[in-house]
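Me: I am new to this structure and would like to learn how to read it feature by feature. Could you take me through it slowly, giving the general idea before each case?

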Amino acid sequence: MERFDAYMERCLYGPDGFYTTHGVAGRGRGDFITSPEVGPLFGAVLANALDAWWEAEERPDPWTVYDVGCGPNKLLRAIRRARPEEQRPWRLIGVDRVRA
């Protein structure tokens with residue numbers, strides 16, 4: 001049986017994969033939208049959760065948060081709008097695959 005991560009890799013990025021052949025995410029031009037694209041509430045909710053986790057870790061400075069599979073980075077932008085970088089020593093880093 002194929003491992004789930006290998007299966008997802010093939011389905012999304014393989015020769016006949018969703019993103020390889022036609023797939024696009026996003027409002028107005030895409031096949032689907034994600035929670036950050038609906039409005040600012042999802043980013044604000046996650047910013048509140050990040051605040052709680054940051055406090056629980058005794059406010060490390062800096063504190064790095066990764067968004068793996070970030071696409072166009074809308075989630076991290078929503079979090080930054082809810083918690084400007086001047087307010088928190090967070091490093092928000094988006095990681096995604098680059099398509100040619």
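Predicted model: local features only at pLDDT ≥ 70, side-chain atom pairs only at ≥ 80, totals over all residues.

Me: In which element does Val95 lie, and what does Val95 touch, not counting residues up to four places away in sequence?

Reply: Elements are DSSP runs numbered from the N terminus, where helices are H or I runs of at least four residues and strands are E runs of at least two. Val95 belongs to strand β2. Contact, in turn, means heavy atoms within 4.5 Å, and when residues up to four places away in sequence are not counted, Val95 touches Tyr66, Asp67, Val68, Gly69 and Cys70.

Me: What can be said of Tyr66 in terms of its element, its exposure and its contacts?

Reply: Tyr66 sits in strand β1, and its relative accessibility of 54% is why Tyr66 counts as exposed. Leaving out residues up to four places away in sequence, Tyr66 touches Ile93 and Val95. From C-alpha to C-alpha, Tyr66 and Arg91 are 8.3 Å apart in space, and they are 25 residues apart in sequence.

Me: How many helices and strands does the protein chain have, and in what order do they run?

Reply: There are 5 helices and 2 strands in the protein chain, and from the N terminus on the order is α-α-α-α-β-α-β. Buried residues make up 22% of the 100 residues. Of the contacts with a separation of 6 or more, 54% are between residues 24 or more positions apart.

Me: How do the axes of α4 and α5 cross?

Reply: An axis is a line fitted to C-alpha atoms, for helices over the stretch in contact, and the angle between N-to-C directions runs from 0 to 180 degrees. Here the axes of helix α4 (residues 41–56) and helix α5 (residues 74–82) come within 8 Å and cross at roughly 70°. The two helices are therefore roughly perpendicular, given that angles under 35 degrees count as roughly parallel, over 145 as roughly antiparallel, 65 to 115 as roughly perpendicular and the rest as oblique.

Me: Which residues of α4 and α5 meet?

Reply: From α4 come Phe42, Gly43, Ala44, Leu46, Ala47 and Leu50, and these meet Leu75, Ala78, Ile79 and Ala82 of α5.

Me: Which residues of α5 are buried, and why are they said to line one face of the helix?

Reply: As a general idea, an α-helix has 3.6 residues a turn, so residues three or four places apart point the same way. In α5 the buried residues are Leu75, Leu76, Ala78 and Ile79. Seen down the axis of α5, they fall within an arc of 160°, so they line one face of the helix; the arc is that of the directions from the helix axis to the C-beta atoms. Their cover includes α3 (35–38), α4, β1 (63–68) and β2 (90–95).

Me: Which residues does a cis peptide bond join?

Reply: The cis peptide bond joins Asp61 and Pro62, with omega about 0°. Asp61 is in the loop between α4 and β1, and Pro62 is placed in that loop between α4 and β1 too. Asp61 is exposed, with a relative accessible area of 62%.

Me: What is the phi of Glu58, and where is Glu58 found?

Reply: Glu58 has a positive phi of about 65° although it is not a glycine, and Glu58 is found in the loop between α4 and β1. At 69% relative accessibility, Glu58 counts as exposed. Arg59, another residue other than glycine, has a positive phi near 55°.

Key. Residues numbered from 1 in each chain as written. Heavy atoms only, no water. Buried < 20%, exposed > 50% of the residue type's maximum accessible area, 1.4 Å probe, protein only.
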